[in-house]
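Hi there,

Here is the structure I promised to pass on. Please open it alongside this email, and I will take you through what turned up.

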Amino acid sequence: MGPASRTTLTVNGREHTLTVDNRRVLLDLLREDLDLIGAKKGCDHGQCGACTVLVDGRRVNSCLLLAVTLDGSEVTTVEGLAGPDGEPHPLQRAFLERDAFQCGYCTPGQLCSAVGALAEAAAGHPSAVTGPGVRAGDPVPLGASEIRERMSGNLCRCGAYPRIVEAVEDVIP
Amino acid sequence: MRTFDYVRARTAEEATAAWAATPGARYLGGGTNLVDLMKLGVERPEALVDVSRLPLDTVEELPDGSLRVGATVRNSDLAAHPLVVEGWPALSRALLSGASGQLRNAATTGGNLLQRTRCPYFQDLSKPCNKREPGSGCGAREGVHRDHAVLGHSPHCVATHPSDMAVALAALDARVELRGTDGGRELAAEAFHRLPGDRPELDTELRPGELVTAVVLPAATRGLPSAYRKVRDRASYAFALASAAVVLSVADGVVAHVGIALGGVAHRPWRARRAEEALTGAAPTRAAFEHALELELSAAEPLRDNGYKVPLARSLTVDVLTRLAARHSG
């Protein structure tokens, strides 16, 4: 182990204090130290989105975040999306109903990314395809083209994109 | 990845002092590029000074109508800020055309400016690259260079700067605020990045240890019609083959103010000063736009496989100018 730092993280509601090698990225901490293997290592370079989790409610690539930089943060992984009673998140249910995957490797990242994307649109974050008719700061109405653009950071090598878009459309408020 | 020490700074002063006290230190922002380059072994800092939580995360309207954007404001928050969307729309559109939602949530304003080229020779330790290892040669000049520079390159380096945000900042006459160990200074965004010349290892005019603390969007370009257009290999989530940020105002039937910056074509955002000079005071016609871009791009020196960028940059910029001009007449 190289130089290390003490870090406290709350993951899916549970607080963990760990001494981590400064080189440890959040993805490896989740998978290797906390045994939360939902977030997947795809490219390990921030290009595929399989490692997407929510940090303080915002979707991020956990493979590019050094764990030492996240002291005090709240992390939600795919394991934390279900309700307290174990009831699947509406988006998880929609993915099942739409059969929005084949091999499933990218699915945890797709789910966390879609949760983040829905929150961003509700908070008035525009995307590259948002038209001039949406007033700055107002919630952005989502349709298929908005979903495709907002989910472009999540690759699916099986090509389940059409079903993923339909699943996300199903849970638009 | 090589081991490194880690220091979290609480203030800009603390950050520059920590940098000065720590040999081989680098500042760490959102990490979306630096951590990746550390994994690849391209960057090998002995220590990281974490500046991602400095109290520079606010967007502040100044009395003169300009907007000061703190260096740690995240790209997604800046793109969504109502004053940016309404006042400097090209900046919001440029940010939204770059990277992915996840990356924009992590990447900072300062870090976006300081991201390194995505030239594959720069990222591959087994290949020569004067930017990564001065004196080792340039693999791209005679190699795979379809994505590389057509303007302002040198025998030493043909890389492009990958930022969309920086292209908009150059066109909008933004300024970059810096802090070093011996005080602060300011640079025009347009002058922040440099051409490669014989020192391609230097991307910017930053002095050693200097920290980007803010970007200022000037009142002079606030509210002027502006736009950003980017051409890439995919509909989303790809770097620019060519892009254009344009701000245009027309008064009494002639161009009163024009700012044009091109992305994906040079080692820095390419401010099209010759085109701007030709257009200022001229009638905003398609013919005038085409003539101005011809003048600007007469300086282009395409490589073997990227000649397509010259007509591409011309036609997309003429298109953006034409659309902005139509808003004035409409």
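Leaving aside residues up to four places away in sequence, B:Gly29 touches B:Val51, B:Ser52 and B:Thr108. Please keep in mind that this is a predicted model. You will find B:Gly29 in the loop between S2 and helix H2 (34–40) of chain B. B:Thr109 is 80 residues away from B:Gly29 along the chain, yet their C-alpha atoms are separated by 8.9 Å.

Now to the sheet in chain B. Three strands make up an open sheet there, in the order S1-S3-S2, and the pairing is parallel. Strand S1 (5–8) and strand S2 (25–28) of chain B are at the edges with a single partner strand each, so one side of each has no neighbour in the sheet. From one strand to the next, the twist averages 25°. S1(B) is joined to strand S3 (residues 47–50) of chain B by four bridges, and the two run parallel. If you want one pair to look for, B:Asp5 has B:Ala47 in S3(B) as its bridge partner. Lying across S1, S2 and S3 of chain B is helix H1 (residues 12–21), which runs at about 155° to S2(B).

Zooming out, chain B is divided into domain 1 (5–52) and domain 2 (225–329). The C-alpha centres of these two domains of chain B lie 36 Å apart.

Over in chain A, which residues of helix H1 (residues 26–33) are buried? They are A:Leu26, A:Leu27, A:Asp28, A:Leu29 and A:Leu30. Among the elements covering these buried residues of H1(A) are strand S1 (4–11), strand S2 (14–21), strand S3 (52–55) and strand S5 (74–76) of chain A. After H1(A) comes A:Asp35, which has a positive phi, near 60°.

Chain A also has a glycine to look at. A:Gly104 sits in the loop between helix H2 (90–98) and helix H3 (107–122) of chain A. With a relative accessible area of 24%, A:Gly104 is partly exposed. Its C-alpha atom and that of A:Asn22, 82 residues apart along the chain, are separated by 31 Å.

Happy to go through any of this with you at the screen.

Best wishes

Methods:
Residues numbered from 1 in each chain as written. Chains lettered and ligands numbered in written order. Predicted model: local features only at pLDDT ≥ 70, side-chain atom pairs only at ≥ 80, totals over all residues. Heavy atoms only, no water. Buried < 20%, exposed > 50% of the residue type's maximum accessible area, 1.4 Å probe, protein only. Contact = heavy atoms within 4.5 Å. Pairing = 2+ DSSP bridges. Axes fitted to C-alpha atoms, helices over the stretch in contact; angles between N-to-C directions. Domains from an automatic or database assignment.
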